Every structure is written in C-alpha cells, then in structure tokens.
Amino acid sequence: MTWLSTARGLLPVRRTVRIGVTGLARSGKTALLTSLAANLLAAGAGAPTLPRLTTRLGGRSLQVSVSPADPALARGDDAAPLPRFNVPGHLAALAADPPSWPDRTSSVSLLALDIDIGQPRLFAAMPPQRLRLEVLDYPGEWLLDLPLLGRDFRSWSGEVLDRLESQPQAHAFLAFLRSLPDTPPPEEQIVRQGHRLYRDLLNRLRADGLSMLQPGRFLMPSPGPEPSWMAFFPWSSPGALGDLLQFRYDAYREAMRRELVTPSFGRVDRLVVLADLLSALHAGPAAFADAAAALDAVARALQRGGSLPDWLTHLLGFGIGRVAFAATKSDHVAERQRGNLAALAASLTRAPLTRGADHPGGRVGAFAIASVRCTEDLVWALDGHPVSAVRGRVAGAARAGRSYPGEVPDRPPGPGFWEHPFLALPDFEPMRLPLAGRGGVPHLNLDALLNFLLDDLL
C-alpha cells in the first residue's frame with residue numbers, strides 16, 4: 001500500500017481501478033452502470049443491496065461516493081476529459097411512475113466512484129483501503145473492431161461478403177459490387193458510393209437486431225471530423241481498387257491501435273462484455289448464429305487458451321486482469337433456467353462457468369445477470385402441471401402478468417430446437433424502486449459479477 005503524507009498524518013493513496021463495460025448492441029450497458037452506481041451508493045449507506053459483496057467484506061465497513069469531476073482523472077485525450085455518466089438522470093428514469101428504461105448512451109462516458117473499505121476488526125485503527133472505481137462505458141459497436149486487429153483486408157472481406165450473401169437487405173450493395181468491372185479503377189466516386197451503400201446496409205442490419213457488424217465505427221463514428229481513410233468497403237478482388245481499399249482498412253486498424261493506448265482506454269484492467277442471448281434465441285436461428293459469431297470473434301480476440309494474448313496485454317499497457325462475459329435479462333426466464341443461460345454464455349465464449357460466485361478466482365468467467373430486475377419468480381399451473389414461471393408488469397399494462405418463457409439451452413442448440421417457437425419475451429417494465437432509487441435497484445447476480453471483478457482487491 002502506498003502512503004501520502006498530509007497535515008493529518010499518513011493516509012493511503014487511493015488506488016484507481018478501471019473497468020471497461022461493453023457488449024453487443026442493446027445488451028444493457030446503461031442499465032448496468034446505473035444499477036451498479038445506485039447499489040454501491042446504497043450499500044455504502046447501509047442498505048443490503050449487494051449481499052455477496054457484504055459477505056465478501058466480512059464485516060468491514062463500506063463508504064461510497066461519486067468521485068469529483070477531476071479532469072486529470074478522466075482524461076479522454078490530450079484536449080478534453082471524458083464526459084461523466086449521468087447517474088441522476090438515468091436513475092430518475094427508473095424511479096419514475098411508471099418507470100422507464102434510461103436512454104441508451106451513444107458515446108464514451110465514465111462513471112467514477114470513490115470507495116473506502118474499513119480494515120478488519122483486529123486492525124480497525126488503521127486507515128481504510130481506498131479505491132477509485134472508474135467504469136468506462138465503451139460503445140458496443142466498437143467492440144467488434146477488436147477482431148480486425150488480427151485480420152488482413154482480404155480475409156476480412158471474404159468473410160463479410162460470404163455472410164452478406166444470406167442477407168436479403170444486402171441486395172443493393174452486392175448488386176453494386178457485381179456491376180463493377182473485374183479490375184475497377186480506384187476512383188474516389190466509386191469508393192464513396194460503395195462506402196455509402198455498405199454503411200447504409202450495416203445500419204439496416206443493426207435495426208433488424210444483428211450484431212456481427214464491422215467496422216463498428218461505421219455505425220458509431222469517433223468524435224471529430226471523419227478522416228478520408230474511413231471510406232472503404234469489403235472487396236475481395238485484386239487490382240488497384242483493392243489496393244486502395246486495403247490501404248484505408250490498414251489505416252483504420254492503425255488508428256484503432258493508437259486509440260487503445262490513449263489514457264482513456266489504455267488503463268482498462270477489468271472488462272465486462274454483455275450479450276442479450278435471450279433476444280437472439282427468440283429472434284430465430286439466423287439472429288442467434290449472428291450473435292454467436294460476434295461473441296466468438298470477440299472471445300478469440302480477448303482470449304487464447306483461457307488467458308489474454310500477449311499482444312493485447314502489451315497494447316493496453318497495464319493489461320486486462322479479468323474478463324467477464326455476462327448474458328443479460330436473466331430475470332426474463334425462471335430461476336431454474338438461469339444456470340443454463342450462464343452455461344450458454346460460457347459455451348459461446350469458451351469461458352469458465354463461474355459457479356463459486358463468493359470466491360470466484362480465475363481471470364475469465366461467464367455469468368447470467370439482470371442489472372435491473374423486472375420480474376419475480378413463481379410456480380404456475382400450466383395445463384395442470386406446475387412450471388417455473390415469472391411475473392412482471394408489461395409496459396402499458398394495468399397490473400402484473402405471468403409468463404412461462406420456456407427452456408433455455410445450455411449450449412448452442414441444434415436444428416431440432418428451432419422447429420417450435422422457443423419463448424415469449426414480454427416487454428417488461430422495471431420494478432418500482434424503493435426510496436426513488438436511494439435504496440438501490442433490484443437486480444440478479446450483479447453482486448456476483450462485482451465480486452469477480454474486484455476479488456483480488458477485496
């Protein structure tokens with residue numbers, strides 16, 4: 001522990017831990033950050049919002065406050081600090097009557113909390129352990145750019161074009177490619193037209209719920225003017241046009257590498273990757289295959305045999321110490337199915353299933369969570385047979401209703417699984433919040449996830 005000399009004597013220096021939170025599109029990053037902040041603040045005030053964390057602390061005191069907005073601690077680049085995550089605004093949406101989901105974030109933001117943990121009873125006279133928890137809200141669209149760092153332009157283009165052949169929305173873009181001569185000239189007009197068609201296609205595919213969409217910054221550009229090398233598209237034929245597109249693709253990857261060692265991203269040492277696997281299953285085999293391919297690509301970029309690759313550790317400076325893959329909306333299925341949901345996430349990412357949530361260990365883990373709980377569990381008689389079900393208020397309904405969501409596979413399902421409708425996923429409202437959110441936010445397994453991320457520090 002490092003100590004700082006002050007007028008009041010020696011105080012331990014506050015250690016900063018930065019957690020990156022990212023995920024596939026619409027996976028619930030904003031809900032997770034809002035719930036994390038509300039529940040840590042409430043736990044610091046004595047509310048029993050994070051029972052596994054309380055157990056892990058073993059009776060030590062906990063004090064939590066929002067960190068003051070010090071630009072030196074939240075520097076995004078050489079010019080401006082990262083914007084702060086709007087905890088009061090997002091929590092107000094959840095605490096409204098009726099409650100509503102917070103607006104999704106569309107850019108990078110930072111949640112910073114100061115945490116003081118008291119010493120064990122035997123050393124109670126010593127100063128507390130002091131942490132600054134910085135949680136970086138990293139756009140999910142950019143997550144899919146990580147695999148590009150290990151792919152050359154030709155192989156990436158071939159994979160993308162193969163996937164697009166099965167997408168009806170890709171007709172206009174593929175027709176444009178087929179209309180070009182075998183060796184088209186590298187004219188800027190051709191490049192701009194192809195780039196516009198491809199970018200429009202990615203936006204349509206995202207609106208249809210697909211996730212394996214690259215490059216991610218075509219969907220959510222970085223702040224500032226867009227450089228000319230951003231204008232490219234997948235093209236698998238040789239020639240001068242292919243050489244130009246490859247040059248721009250390589251420039252894009254080099255810009256990503258530079259960004260990953262900036263102060264905002266280079267200090268990430270814990271990572272959470274969220275995925276809404278239930279919605280992907282509900283949408284059918286094509287949508288699930290797309291989500292599975294996206295998670296597989298990300299996992300391969302982050303993991304090699306259960307550990308992080310040397311090139312990424314070097315790239316990120318301090319290295320990512322722990323990675324958690326979390327399937328969200330676990331409250332939409334019955335309690336007995338949540339283990340299957342976590343196992344499915346583990347299967348898709350080759351991550352160990354984190355069963356010992358109180359003492360997790362390991363550097364990579366898989367979870368099933370609900371950052372903001374919408375339902376409660378119940379047993380329901382369906383066709384005369386008791387089944388595990390959930391009860392929650394559907395958006396706009398006057399009262400809570402029951403839902404039997406069905407069975408969740410614990411691994412990628414085979415063809416027979418899709419022969420019958422899998423499950424219903426009602427649009428549930430969040431649960432009403434006690435004390436307008438000051439008493440925390442109901443959740444599932446958020447404390448287990450937090451224990452995993454911070455276990456070595458606690």
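**Aromatic pairs, a helix face and an open sheet**

The count comes to 17 aromatic pairs, where rings of Phe, Tyr and Trp (its six-membered ring) pair if their centres lie within 6.5 Å. Planes under 30 degrees apart count as stacked, over 60 as edge-to-face and the rest as tilted. This is a predicted model: local features need pLDDT of at least 70, side-chain atom pairs count only at pLDDT 80 or more, and totals for chains, interfaces and linings use all residues. Residues are numbered from 1 along each chain as its sequence is written, and side-chain values use heavy atoms, with hydrogens and water left out.

Take W156 and F232. Their ring centres are 6.2 Å apart and their planes stand at 70°, so the pair is edge-to-face. W156 lies in helix α5 (residues 153-164) and F232 in the loop between α7 (188-207) and α8 (240-260), so the pair ties together parts 76 residues apart in sequence. Helices here are DSSP runs (H or I, at least four residues), strands likewise (E, at least two), numbered from the N terminus. W156 and F232 are both buried, that is, under 20% relative accessible area; exposed is over 50% and partly exposed lies in between (1.4 Å probe, protein chains only).

Next come F218 and Y252. Here the centres are 6.1 Å apart and the planes at 80°, so this pair is edge-to-face. F218 sits in the loop between α7 and α8, Y252 in helix α8, 34 residues apart. Both are buried. One aromatic cluster includes W156, F232, F218 and Y252, along with F153, F173, F176, Y198, W229, F233 and Y249.

Now turn to helix α3 (residues 87-95). Its buried residues include V87, H90, L91, A93 and L94. Seen down the axis of α3, the buried residues fall within an arc of 150°, so they line one face of the helix. That arc is taken from the directions from the helix axis to the C-beta atoms. The buried residues of α3 pack against α1 (29-44) and β5 (109-117), with contact meaning heavy atoms within 4.5 Å. N86 caps the N-terminal end of α3, with a side-chain oxygen 3.0 Å from the backbone nitrogen of G89.

Last, the sheet. Three strands form an open, antiparallel sheet in the order β10-β11-β12; two strands pair if DSSP finds at least two bridges between them. β10 (375-382) and β12 (401-403) stand at the edges, each with a single partner strand, so one side of each is left without a neighbour in the sheet. Three bridges join β11 (residues 385-392) to β12. V390 stands opposite S403 in β12.

Definitions and conventions
A polar contact is a pair of N or O atoms within 3.5 Å; within protein, one must be able to donate a hydrogen and the other to accept it, and residues adjacent in sequence count only if both atoms are side-chain atoms.
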